[in-house]
Amino acid sequence: MAFDPSLLRSQFPILSQQVNSHPLTYLDNAATTQKPACVLKAVHDYYCTSNANVHRGAHFLSDKATNQFEQAREVVQDFINAPLKSHIIWTKGTTESINMVAYGLEHILKQGDEILITSLEHHANLVPWQQLAFRTGARLRVLPLTSAGEWQEEFASYFTNRTRIFAATQVSNAIGTHTPLKEMLLRAKQQGAFTLVDGAQAVAHYPVDVEELDCDFYVFSGHKMYGPTGIGALYGKQHALEVLIPYQTGGEMVLKVAYQATEFNVLPYRLEAGTPNIEGAIGLAAASEFLNKQDRNALLEWEQKLANHVYTRLKKAGGIEIYSPEKHTTLVSFSVPNIHLIDLNGYLDGQGIGIRSGSHCTHPLMEQLGVHGTLRASFACYNTLEEADRFCDALFDAMELLGDE
Ligand code: PMP
């Protein structure tokens, strides 16, 4: 039976509104997804029935909040198939997770060591490594990948016995390309490097199995997978998390404090200083359960079908540069030569259609593509074929209106 998004869509209250007398068409899901009622309810219920500080253990509500918070960790552990719940560190999101690793690994780097990333990275998986290289005298190297995710040059020379850290995205946020993760991780591991995978654009669409990926660190944000903002996770293997020097210190992450020295807590608390985002963790667990209940393959096929439908219509129309692959992606990134992105974006916004324009936090990738920015329509499980068509029709109208002739 064909997938019907209408049942799922009805679980997302925000989507039923009108914008400028048009139905809201939200196609900016790679930036952030909307939240289903079960996530909103989980956060609301927590505040109505369980709010207290966690791990203080002195009274009923504190125990209740702690139990829910730690259960949420188990749900997220299960969601990415991590072996132990202590391997899940709560963070603000992907950016904080990467910074935590970049600061935590500073002590292992020497002058001349190499940090390797790919040319498809979001700034969040670039700037922390660049700054780490500046602080330590290590060298930041960039493995050139084509926009199709293929090696642009002989890759063997990039993985050397000086490669100490390898960090790569699973899926490009700017153009939707999958990176050749398996081969890259294998090469990096052969050189004994720590490996980090940026899963920000993967978790909402693809079932993630960190045991199978066998990376040292896996990072993602809740808000891109139907969960709340301000919460995400850093998964790490036991030895990898133990190597990290905590980049924040204070309460919660300690066992014993004296003026002379501090004994740090065990994992995961050692890397979680201060009062955590309790309702965020509970909301993220609800989002994971929401996804677990779906037929993930059916959702992915649907999202890819919508992207492919838009790709095909844009290609057929002509006069549009498309930067995304034709297949196996859930977004379409493109530009229209001679018409400014902002003008197109503004026209679509007037029609109630929300997409993203700009560099998508990937300046070097935009340079590689030879553009300042692109327009990006990105899909989620609740988007419909009518929305995909409404977007294409409005884009073609805008091109006619704003074009030269
Ligand atoms: N990496 C990728 C691939 C992303 O798409 C994003 C968000 N656009 C990030 C990292 C940063 O995520 P956050 O802003 O949630 O920390």
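**The largest pocket and the parts beyond it**

A: The largest pocket has a volume of about 350 Å³. A pocket here is an open set of points on a 1 Å grid over the protein atoms alone, with protein on both sides within 12 Å along at least five of seven lines, and a lining residue has an atom within 4 Å of a point; the volume is the space filled by probe spheres set on the points, which are joined across faces, edges and corners.

This is a predicted model, in which local features need pLDDT of at least 70 and side-chain atom pairs count only at pLDDT 80 or more, while totals for chains, interfaces and linings use all residues. Residues are numbered from 1 along each chain as its sequence is written, and side-chain values use heavy atoms, with hydrogens and water left out.

Helices (H or I, at least four residues) and strands (E, at least two) are DSSP runs numbered from the N terminus.

From here we can follow the chain to a salt bridge, meaning a side-chain nitrogen of Lys or Arg within 4 Å of a carboxyl oxygen of Asp or Glu. The side chains of lysine 237 and aspartate 214 form one, at 2.7 Å from N to O. Aspartate 214 sits in the loop between helix H7 (210-213) and strand E9 (217-221), and lysine 237 in the loop between strand E10 (232-236) and helix H8 (238-243), so that 23 residues separate these distant parts of the chain. Aspartate 214 has a relative accessible area of 32% and is therefore partly exposed, where buried means under 20%, exposed over 50%, and partly exposed in between (1.4 Å probe, protein chains only).

Helix H8 also holds alanine 240, which counts as buried because its relative accessibility is 0%. Leaving aside residues up to four places away in sequence, alanine 240 touches Phe194, Asp216 and Phe217, a contact being heavy atoms within 4.5 Å. Alanine 240 and phenylalanine 217 are 23 residues apart in sequence, yet their C-alpha atoms are 7.5 Å apart in space.

By the rule given above, the salt bridges number 16. Another of them joins the side chains of arginine 376 and aspartate 28, at 3.4 Å from N to O. Here arginine 376 belongs to strand E17 (residues 374-378) and aspartate 28 to the loop between strand E3 (25-26) and helix H2 (37-50), which places the partners 348 residues apart. Both arginine 376 and aspartate 28 are buried.

A further salt bridge brings together the side chains of glutamate 272 and arginine 73, at 2.8 Å from N to O. Glutamate 272 lies in the loop between strand E12 (262-264) and helix H9 (278-292), and arginine 73 in helix H3 (residues 60-79), so this pair ties together parts that are 199 residues apart in sequence. Glutamate 272 counts as buried because its relative accessibility is 9%, and arginine 73 counts as buried because its own is 0%.

Key: On a 1 Å grid over the protein atoms alone, a cavity is a set of points where a 1.4 Å probe fits but cannot get out, and a pocket is an open set with protein on both sides within 12 Å along at least five of seven lines; lining residues have an atom within 4 Å of a point.
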